[in-house]
Amino acid sequence: MTVGKNIPHDSAVTHVSGESIFIDDRAFLKNEVVCGLMGAPIAHGRLKNIDISKALEVPGVLGIYTHKDLASNRWGAIVKEQPILVDDIISYESEPVCVIAAESYKAIEKAKQLIQIEVEEIEPILSLQEAIDREDFLSDEKKIARGNVEESFSNAEHTLEGFFENGGQEHFYLESHACAAIPLENNQIEVHSSSQHPSETQHVVAQSLGLSYHQVVCVVKRMGGGFGGKESQAAPFASLVGLCAKKLKRPARLIISKDDDMKITGKRHPFKNFWKVAFDKEGKILGYRIRLFSNGGAYTDLSESILERAMLHSDGCYYIPNVEILGRVCKTNIHSNTAFRGFGGPQGNATIESVIEEIAHFLKKDSLEIREKNIYQGDKLTTPYGQIVDNNTLPELMEKIKESSNYLKRREEIEEFNKNSATHVKGLALTGTKFGIAFTARFLNQANALVNLHLDGTVQVSTGATEMGQGVNTKIQQIAANAFGIDASLVQVMPTSTEKNHNTSPTAASSGSDLNGMATLIACNKIKQRLASVFNTLQKGEISPADEIEINSVEELDHIVFENSKVRDTKTSKEIDFKELISTAYFNRVSMGDYAFYKTPGLGFDKAKGKGQAFNYYTNGLAVSEVLIDRFTGETKVLRADVLMDLGRSINPGIDMGQVSGAFIQGMGWVTSENLTYSDKGVLLSHSPTTYKIPSIQDTPREFNIDLIENNTNDVCVHRSKAVGEPPFLLGNSVWNAVKDALYFVNPSNASKLKLPATCEEIVTLLDE
């Protein structure tokens, strides 16, 4: 069995040795040009004129192109409203206005200084609250509801209300957006892109250049990180490098600098969520109303779907009998915010976890007690949108982590410490994740795979999944190797290409391994069925050269197994070497390649009604975090974090553990140090590693415990595994709640004012008040 083993990431050695090839590592082709972008100088206004005459005189500058050079200048993942290059209204500072093609980067920088952009300024909307007040929205209001919320408020012993506010987050992938284009004969173009969505990139490039889809091939070998930031926003960059290549009839590459990448591209959505909760004296939640407002930025991008997932995760891990969830996307004059690991789930989940802390403080109880009373359990398993939480492991996880983290004893120790320390204060919190796995847009839950079995017993697999470091290629490699009963080293997962895998979905929603792994398994099984039929025929005697082997695609051949590089009949105990069987099949004209298609069954969420089967299943997890805060500086240290996850039957436990730890740390960064700062003119000031603080090794928990429970009940996914990419991110929120817990001890009246991220400045301000 290859599945379930810790085989190394397929790029582990080449990453360490420096041999892994990314877009900008590709050797320059003959006559290849480099490209750069010129951005808008204001956050909002009208573009009146662009004068490029002096810039074109710079030695080495080959062309400067504007919106007039594009066949189509509108793109968008949901609504095609966003210009590739500004043609009229400027909607955010640094929005691309023109693209420069040159023989050197020095020439590009000199040309940018000589381009004159004439604008007419318009007052921008820069804050989420201002957009709410002005009712400047990018979407209609969405609603999910159950029961009678007003009645629950009227009849409850207690009610509380307030708001929860979170900031955005920069993806900070190590490889910024990068792409290259090669013009080919017959007006074709080959695009290499650091993209999570090759098909969308192919389509946007074709549309913008006036080509048909069959004239454009998009290839993705790998990305140096993505986290959602390359799901939609890679496409317009590819269009611009394609434009330069097409105009000049020369290969071109566009590598965005880290500073420009951070200024131009979207982030995680800031939210401001207004809530009201009804509960009894024991802390049982009776009713909950939440109204979510997200900051979509200048354009829609994926904001509507992100808001929808935030709403679908507003219940967190908790059963609420009466609930009303309302949501709307707001428009502001900043970069268009986009997908980011969790895709809105963290913002909805963080709010209910914060509300539980408020209830606990009001009742003077430990928040764990409130969570235990409200967690999905027993027959209380129906979500506000009507989906049943099947195979619910949340109560089991709660009991196990409560014991393994020694929560109750540590709570007593922390209270004692806080009473006696004049310089520091500690906090402790447990939070959970019940993350729905599937795209909420049903049509995206599909994948295809091409599997080719060669005469030497090796396999090539091509799918629509894109590798961004998360290990999807390695899991697909294991699935194929396991199917054929061979060593994983004999399977090579090929670069993703739209000519081999068409109309694919983005590698997102934690579904990359689920969808593409299942398609791969189906394709392998189709080949195995034919090989098993050949073996069955062989057992009956010699195959005459004049005879054709009859392949019975429906014949029951479960008794023929593929393992240890052999094929064996469990009924007769006869076996044959895998390579020998392949050779026999080939000489008898039996196909050893196949294509397979997979679509997730049973999904049916009615967006208008806010009801239905939104997800294929849930990935569950809990985390307990303890923090130590300096009362004078606000400096926060995470002393210990315990994470417990249900990942079903793991395909590769080592990769899954890496995903859990990485997601938790990235989530911890979002809730503590990662703060986006803008000027009063809408300019992003924190646009480099010197001004934007992601977690370093010094910020990781001093004691970091991760464990997985054994769970074989998830029979709706490949090999009973569960998705892991996004769910653990939500558990980083336990650190924020631990900070809030500490603040309650020092300054109870201010703890409710804590915003996310809980930076040192935010904490010390609340302590000082």
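K247 is partly exposed, at 43% relative accessibility; here buried means under 20% relative accessible area, exposed over 50% and partly exposed in between, with a 1.4 Å probe and protein chains only. This is a predicted model, in which local features need pLDDT of at least 70 and side-chain atom pairs count only at pLDDT 80 or more, while totals for chains, interfaces and linings use all residues. Residues are numbered from 1 along each chain as its sequence is written, and side-chain values use heavy atoms, leaving out hydrogens and water.

**Salt bridges**

Let us stay with K247 and meet its partner. Its side chain joins that of D69 in a salt bridge, a term for a side-chain nitrogen of Lys or Arg within 4 Å of a carboxyl oxygen of Asp or Glu. D69 sits in the loop between β3 (61-65) and β4 (74-75), and K247 belongs to helix α6 (residues 234-248), so the pair ties together parts that are 178 residues apart in sequence. Helices (H or I, at least four residues) and strands (E, at least two) are DSSP runs, numbered from the N terminus. D69 is also partly exposed, with a relative accessible area of 26%.

Now look at R371, which has a salt bridge to E353 and another to E357. R371 lies in helix α10 (residues 367-374) and E353 in helix α9 (residues 345-363), so this pair ties together parts that are 18 residues apart in sequence. E357 is in helix α9 too, 14 residues from R371. R371 is buried, with a relative accessible area of 0%, and E353 is buried with a value of 0%. E357 is buried as well.

| Salt bridge | N to O distance |
|---|---|
| D69 and K247 | 3.3 Å |
| R371 and E353 | 2.8 Å |
| E357 and R371 | 3.0 Å |

The whole structure holds 38 salt bridges. Some residues form a network of them: R410, K426, E626, R640, D642 and E703 are linked in this way.

N733 is found in helix α17 (residues 733-746). Beyond its neighbours within four places in sequence, N733 is in contact with A350, E353, T431, V671 and L756, where contact means heavy atoms within 4.5 Å. N733 is buried, with a relative accessible area of 2%.

**A sheet with helices against it**

Three strands make an open, antiparallel sheet in the order β23-β24-β25; two strands pair if DSSP finds at least two bridges between them. The edge strands, β23 (560-563) and β25 (575-577), each pair on one side only. Between β23 and β24 (residues 566-569) there are four bridges, and I560 stands opposite D569 in β24.

Helix α14 (residues 512-539) lies across β23, β24 and β25, running at about 115 degrees to β23. Helix α15 (residues 578-587) packs on the sheet as well, touching β23, β24 and β25, and its direction makes about 80 degrees with that of β25. Axes are lines fitted to C-alpha atoms, for helices over the stretch in contact, and angles run from 0 to 180 degrees between N-to-C directions.

**Nonpolar cores**

A nonpolar core is a set of buried Ala, Val, Leu, Ile, Met, Phe, Trp, Tyr and Cys residues joined through side-chain atoms within 4.5 Å. The largest one has 94 residues, and L453, F484, L531, F578 and F664 have the most contacts inside it. Helix α14 gives the most to this core, with eleven residues. Apart from it lies another core, of 53 residues, including I290, L363, F615 and V624.
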